[in-house]
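Please open the model in your viewer and keep the sequence panel beside it. The stops below say what to select next and what is to be found there.

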Amino acid sequence: MFNHMKIRSLDDVFLPLDAREPRGVYFYRINGYSQEIARFIRDYYEAARKSGVVVEGRVPNPDEKNLSYYNEIMGMDFQMDPSFLSASLKKWLPRMSDYQREQTACALYDTLDTLRRAGKTEHMLKNAYIKFMCWLYYKFERIVGQLGRQDVPKILYEGDVSNYELMLLTVLSNAGCDVLLLQYHGDAGYLKLDAGSCQSDALTLAGMTPFPEDFSLKQIRGEIQKEMENERLYGKRPNVQNCTNAWMNDGPAEILPYYKKTAAQRGTDKKLFYNCYCRIHGVADKTAYANELYQLYAELKNSGRQIVVVNERIPLPQTEEIASIRRHHYEKQEQMILDLSANITYTANVELQRVMVKAFVDVVRMEASAQGNSLNKLTNRAVYLLCWLKRYQGGLFQNWKPSDTGCFFYMGGCRDENEALFLRFLARIPVDVLILCPDNQKDCCLRDPLLLEVHYENALQLRTFPQENTDALIGTAAYHAEQELDTLLYQDSGVYRNRQYEKANAVILQTMYEEIKILWDQEVKYRPSFSTMERVVTIPVIFAKVSGVKDGQITSYWRCVRELITEDTFVIKSAPFIESTQPNPIKAYAAEFYKNGRLQRAKIKNHASYPYGFLREEIQDYILDKLQVLIDSKIIRGTFVNGTEYTITATLLNLPKDIVRLIQKFDFTKKNPKLIYINTGEEMISLEDTILTAFLNLVGFDVVFFVPTGYQNVEKYFDKKLIEEHQTGEYVYDLRVPNLESLSPNGRVKWRDKLFKRGR
């Protein structure tokens, strides 16, 4: 039988049999905790799992089936004799070698003999023998087949050991096993069974404390499983990792000069790549800011650095880009990350590819912990990240070498979490990331512990990164002082400069009929519910239908209509105004311009038939924004049912020139443009007219339909009740619209028009 050895170093337990002096085994119990012990238990658990047995809780007693099978094979004979025990083991455990059988038989006899000397009867010895034989077969057969090997088999027992379990563990220890008992509740229970610690030794190390409440083999198993999953996610790890900003420990106080440093100037450790990752809020010097950025760009470009510049927003992935990402249906985060990471390829340099895969896995897992368990949202963000990586990879890593560091400059700051995730990814690969927020009133949603932030008090309106000499506009001190005064004067003061806002949302006012005339020629800022918030104007507008003629007075009726015609009013005098049969050069391309629920803005603006290219960029975007809103709202009957969305697209990309001019002229905080639609007959307004009026309402026009007949000839193509109807008097039929411009405010025809017969 083997001697029990004393531990000098915890790792002695892992020595092969012949390297132990003298040859022996270890039987220890652990009653306390330390970081060193935690590491040792984990290593021992791995060894027992590979070539031994792990017991979590008690070894179950043999049940009726176990005993019945034992009786069938072995019978119920018992003799307190080593030869009988050896013969029984040969029959019961035939795969044991002669050496293993003799070692086990001797150890088993020694333990049973101890029981006999303690006064146990023959019957009690027989019961113990049968229990031990069943345990050896059903729980420890793996162990007995490894006895005597250089790699000493190991048993790890978690919990409070029972008397018979301790006896069998002693048998196996004496036969050639290492045994470790984990006793989270201390040694008191064990010492009741082995008061003199004759069978095992208690491990005593400096700094031991009670075990943490959550410590267990289950926890260790979970950690190992997690690490195995991580290895599967990451694949082969890269040989280099990022050193982000940490190398900036000396040199100039300004940040931009760090971006100019070469790889050799940043650090020499070949296991690291050194990159910059900074966000600058505000500007230090308004007069020099743009020129400093241009000089940075020019110097980096001349040195051969790869540079990508993005202004204001990272354009959303196109349908084709999203379709190029290989993906499937996922049920677990790890499954999704592993599958999507296969989309990252850089065949020119496998090390860079590994760096990108690791960065992707890292940031998506961080995002998962921050966003909770929304797998669908996480998948969408990961797909966006991969689309943008594919889009910009060529610009950042063309002909890449380990000494290269690309540059990604973002002017304006992250608008949403998709952009923030992409920049967190870029900061963990060989890319210098610079986020510029010269207007320090704008927020950037990026949050990252690696990010270095610099704040300046001065604000500057600069929307594009200067990449050419002509981009580097330098304002004088007086110019910037005027801009500051302008900001103070027009910020939350109720006073607005010309075209201060580029975006607006219209809300429909519910009014009395008499209020239309009062509100009509009033600046929108004086109307109820007008507001400006987050650079967007809320415009209260009139969208109404006037049915009937008050008191049947036709002359007064037309005079009321005439009083509403301002210089910014577009008047339609008969229905329909736009007919479906009219030529429209956009119709042929409407299906190309609207795909998968989105306007294809880039394709629209670059198309030869696009009619609004001469408008200011913000006006073009405003028209396209409202076109998208009108389609999404499904206000027009048939949208997403019979292709009406294409009719909407074609109609609104072919607006009458006079209406386009009114939109171009519209200043969202002043008087808004108007549309008066007069329908005196029985004709229905066309689908195209409905689209036009609904669109102008969204743009911010006041729209009023005058229907003296009271007919329901306006509502046919509206899918929702939007128009406020005012019943003003009796219905009058077959009216002809007079020359409204020739009417004086009192309803009489002007004498000049009589004289010269002017009118239309």
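**A walk through sheets, helices and rings**

Begin by selecting strand 10 (residues 277-281) together with strand 13 (residues 431-437), which pair in the parallel sense over 5 bridges; two strands pair if DSSP finds at least two bridges between them, and helices (H or I, at least four residues) and strands (E, at least two) are DSSP runs, numbered from the N terminus. This is a predicted model, in which local features need pLDDT of at least 70 and side-chain atom pairs count only at pLDDT 80 or more, whereas totals for chains, interfaces and linings use all residues. Residues are numbered from 1 along each chain as its sequence is written, and side-chain values use heavy atoms, with hydrogens and water left out.

Within this pair of strands, Arg 279 stands opposite Ile 435 in strand 13. Contact here means heavy atoms within 4.5 Å, and angles run from 0 to 180 degrees between N-to-C directions, with axes as lines fitted to C-alpha atoms, for helices over the stretch in contact.

Go next to another open sheet of 5 strands, with the order 4-5-6-3-7 and parallel pairing. Strand 4 (52-56) and strand 7 (201-202) are the edge strands, each pairing on one side only. Strand 4 and strand 5 (residues 154-158) run parallel and are joined by 5 bridges, with Val 54 standing opposite Leu 156 in strand 5. Helix 9 (residues 217-234) packs on this sheet, where it touches strand 4, strand 5 and strand 6 (178-182), and its direction makes about 125 degrees with that of strand 4.

Now select helix 4 (residues 98-117) and helix 7 (residues 163-175), whose axes come within 8 Å and cross at roughly 140 degrees. The two helices are therefore oblique to each other (angles under 35 degrees count as roughly parallel, over 145 as roughly antiparallel, 65 to 115 as roughly perpendicular and the rest as oblique). Show side chains to see Gln 103, Thr 104, Ala 107, Leu 108, Asp 110, Thr 111 and Leu 115 of helix 4 meeting Met 167, Val 171, Asn 174 and Ala 175 of helix 7.

Compare helix 23 (residues 617-633) and helix 26 (residues 687-699), which pack at an angle of about 120 degrees with their axes 10 Å apart; that makes helix 23 oblique to helix 26. The contact is made by Tyr 622, Ile 623, Lys 626, Leu 627, Val 629 and Leu 630 of helix 23 and by Ile 691, Ala 694, Phe 695, Leu 698 and Val 699 of helix 26.

For the last stop, how many aromatic pairs does a search of the whole structure find? The search finds 41, where rings of Phe, Tyr and Trp (its six-membered ring) pair if their centres lie within 6.5 Å, and planes under 30 degrees apart count as stacked, over 60 as edge-to-face and the rest as tilted. Select Phe 543 and Phe 718, an edge-to-face pair at 6.1 Å centre to centre with 70 degrees between the planes. Phe 543 lies in strand 18 (residues 543-547) and Phe 718 in the loop between strand 23 (702-707) and strand 24 (724-727), so the pair ties together parts that are 175 residues apart in sequence.
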